[in-house]
Amino acid sequence: MGNIVLARLDKIDYQSTLRTIVDSVERQTEQNETVLLSSSEIKPATLSNENNSLFIPSTILDQALEGVNVYFDLENYPFFRKITEVIERENKPKGVFRLRRIINMDESKELIAGDLYVLSSLLGETQNIQVKHTNHTVAPYHVIVTVNFGSGTMAHMEYTFSYQDERIELEWSGIKTILEFDSETMHTLGQKGNNALALAYSVDSIIATAHRVDQRLVNRLNNFSMLVNGGAH
């Protein structure tokens, strides 16, 4: 069985992708080949194929049936995976997680719901979420999300939707550890490079981190989506 992956093609790091990639189902000649298609041009419902596993971004999950595999943008970045490894070493991590993202105006706000899903998987169930918006018809517009996970852990997330270059800044202030990352400078983790490379990930990572869609996942994402689009909870 092969794979079909829907993704933003400009986010794919082809150099670190080890799988054999083809650009159409028709060109897939071997079972272990992976078909990579644009998530902005292809609808998941048109790709039902018992010979392939389907992987889609969380932002378009509402277009697909159960049984597909969903992946989260934030969870695939190499810098986030490394920071996650450090946080997970702590017994019941306590601290403040800060995230700031500059996102293209055309990006879906469902990206925020996906980030909430990833952070709740890392830091624990959310106890309270507060969401504030500026006028989304005026560029740039902002969304601020404050999350209380209880037991001394919280997150502050800021999103700016604009026509600027994409950027992610992240900080974890734990009891024993302070971690920082800025995609624009790549100061953290001993790396330096360009912004495009910092905000890219491999097809291998997408397949490795994806979650099989079930009703619990759908319900959690829907709940986060309603909070992001509807205000405070």
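The following conversation goes through a few features of a predicted model and the definitions behind their names.

Visitor: What should I know about how the model is read?
Guide: This is a predicted model, in which local features need pLDDT of at least 70 and side-chain atom pairs count only at pLDDT 80 or more, while totals for chains, interfaces and linings use all residues. Residues are numbered from 1 along each chain as its sequence is written, and side-chain values use heavy atoms, with hydrogens and water left out.

Visitor: What pLDDT does the protein chain average?
Guide: The protein chain averages a pLDDT (the predictor's confidence in each residue, from 0 to 100) of 88, and 91% of the residues score at least 70. Over residues 187-195, however, the pLDDT is below 50. Where pLDDT is low, the predicted coordinates should not be read in detail.

Visitor: Why is Asn 3 called buried?
Guide: Buried means under 20% relative accessible area, exposed over 50%, and partly exposed in between, with a 1.4 Å probe and protein chains only. Asn 3 has a relative accessible area of 11%, and is therefore buried. Asn 3 belongs to strand β1, residues 2-7 (helices, H or I of at least four residues, and strands, E of at least two, are DSSP runs numbered from the N terminus).

Visitor: What makes Ser 151 exposed?
Guide: Its relative accessible area is 60%, so Ser 151 counts as exposed. Ser 151 lies in the loop between β8 and β9 (153-162), and has a positive phi of about 55° although it is not a glycine.

Visitor: Which residues of α2 are buried?
Guide: In α2, Phe 79, Phe 80, Ile 83, Thr 84 and Ile 87 are buried. They cover an arc (that of the directions from the helix axis to the C-beta atoms) of only 135°, which puts them on the same side of α2.

Visitor: Why is α2 called roughly parallel to α3?
Guide: α2 and helix α3 (residues 110-123) pack at an angle of about 30°, with their axes 10 Å apart. Axes are lines fitted to C-alpha atoms, for helices over the stretch in contact, and angles run from 0 to 180 degrees between N-to-C directions. Angles under 35 degrees count as roughly parallel, over 145 as roughly antiparallel, 65 to 115 as roughly perpendicular and the rest as oblique, so α2 is roughly parallel to α3.

Methods: Contact means heavy atoms within 4.5 Å.
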